[in-house]
Amino acid sequence: MSVSRHEPPRRRDTAALIVAAGLVVIGAVLLWDSSRLADLGGYSGVGPASVPRVVGVALIGLAIWTAVEAMRGDFPLRAPQNIPPVLWIVAGLAAQLILLNLAGFSIATGLLFAFTARAFGKRNLAMTIPIGIAVSFVVWTIFSQLLMLHLPAGPLEHLVFPRG
């Protein structure tokens with residue numbers, strides 16, 4: 001490959017090398033974990049360990065490919081990361097995890113909805129929190145009351161559907 005005078009030579013992509021290392025770790029854990037499963041493939045040869053092994057090998061293959069591309073500098077330049085939206089989403093996920101059993105599904109997931117909307121540019125939390133709680137309550141009602149699947153109930157859910 002020849003480099004023109006107008007284009008600077010590409011350097012290795014450290015972020016891509018970190019991603020490749022992460023893929024190797026995940027693939028290796030899958031292979032190690034699947035080696036502990038009983039391989040009861042029967043007549044077909046496909047057992048409970050087969051799919052994790054295939055996924056583990058595929059992840060390691062992707063890691064090698066990613067590392068080669070990173071060393072060659074073939075990844076396109078990335079835009080700089082805008083940190084505040086990421087922090088809003090992480091804060092929403094943290095709030096949901098902390099509040100899920102205390103406040104219930106509707107309130108915890110409504111806050112996640114509002115924080116994610118804030119990350120995408122909706123600045124009015126006074127509007128997005130109630131909308132998020134309402135949408136989450138509808139989802140909770142469908143799953144809990146119609147499909148009979150358990151989601152954590154909080155004060156709002158107990159107010160509308162008292163324990164009987």
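This is a predicted model: local features need pLDDT of at least 70, side-chain atom pairs count only at pLDDT 80 or more; totals for chains, interfaces and linings use all residues.
Some ground rules come before the selections. Local features need pLDDT of at least 70 and side-chain atom pairs count only at pLDDT 80 or more, while totals for chains, interfaces and linings use all residues. Residues are numbered from 1 along each chain as its sequence is written, and side-chain values use heavy atoms, with hydrogens and water left out.

**Stop 1: the whole chain**

Show the protein chain as a cartoon. It has 6 helices and 0 strands. Helices (H or I, at least four residues) and strands (E, at least two) are DSSP runs, numbered from the N terminus. From the N terminus on, the order reads α-α-α-α-α-α.

Now colour by accessibility. Buried residues make up 27% of the 164 residues. Buried means under 20% relative accessible area, exposed over 50%, and partly exposed in between, with a 1.4 Å probe and protein chains only.

Contacts are next; a contact means heavy atoms within 4.5 Å. Of the contacts with a separation of 6 or more, 57% are between residues 24 or more positions apart.

**Stop 2: helix α2**

Select residues 50-72. This is α2, with 23 residues. Its first and last C-alpha atoms are 33 Å apart, close to the 33 Å expected at 1.5 Å a residue. The expected span is 1.5 Å times one less than the number of residues.

Show side chains for Ser50, Gly56, Leu59, Ala63, Thr66, Glu69 and Ala70. These residues of α2 are buried. Their cover includes α1 (14-35).

Step past the end of α2 to glycine 73. Its phi is positive, near 75°.

**Stop 3**

Two packed helices are described by the angle between their axes and the distance between the axes. Axes are lines fitted to C-alpha atoms, for helices over the stretch in contact, and angles run from 0 to 180 degrees between N-to-C directions.

α1 and α2 pack at about 160°, with axes 8 Å apart. They are therefore roughly antiparallel to each other. Angles under 35 degrees count as roughly parallel, over 145 as roughly antiparallel, 65 to 115 as roughly perpendicular and the rest as oblique.

α1 passes α2 in a left-handed crossing. A crossing is left-handed if the near helix is turned anticlockwise from the far one by less than a right angle, and right-handed if clockwise.

By class, the contact of α1 with α2 has 19 nonpolar, 5 polar and 1 charged residues. Ala, Val, Leu, Ile, Met, Phe, Trp, Tyr, Cys and Pro count as nonpolar, Asp, Glu, Lys and Arg as charged, and the others, Gly among them, as polar.

**Stop 4: helix α4**

Select residues 105-119. α4 has 15 residues, which should span 21 Å at 1.5 Å a residue; its end C-alpha atoms are 21 Å apart, which agrees.

Of those 15 residues, 12 are buried, so α4 is largely enclosed by the rest of the structure. Among the buried ones are Phe105, Leu111, Leu112, Phe115 and Arg118. The cover includes α3 (83-103), α5 (125-146) and α6 (155-160).

Glycine 121 follows α4. Its phi is positive, near 110°.

**Stop 5: the α3 side of α4**

The axes of α3 and α4 come within 7 Å and cross at roughly 175°. That makes α3 roughly antiparallel to α4. Contact residues include Trp88, Leu93 and Leu100 of α3, and Leu112 and Phe115 of α4. The contact divides into 15 nonpolar, 4 polar and 1 charged residues.

**Stop 6: the α5 side of α4**

α4 and α5 pack at about 135°, with axes 7 Å apart. They are therefore oblique to each other. α4 passes α5 in a right-handed crossing. Residues that meet here include Phe113 and Ala117 in α4, and Ile129, Gly132 and Trp140 in α5. The residues of this contact divide into 13 nonpolar, 6 polar and 1 charged.

**Stop 7: methionine 148**

Select methionine 148, in the loop between α5 and α6. Most residues other than glycine have a negative phi. Methionine 148 has a positive phi of about 60° although it is not a glycine. Methionine 148 is exposed, with a relative accessible area of 64%.

**Stop 8: phenylalanine 161**

Finish with phenylalanine 161, in the segment after α6. It is partly exposed, with a relative accessible area of 30%. Not counting residues up to four places away in sequence, phenylalanine 161 touches Phe137, Trp140, Thr141 and Gln145.
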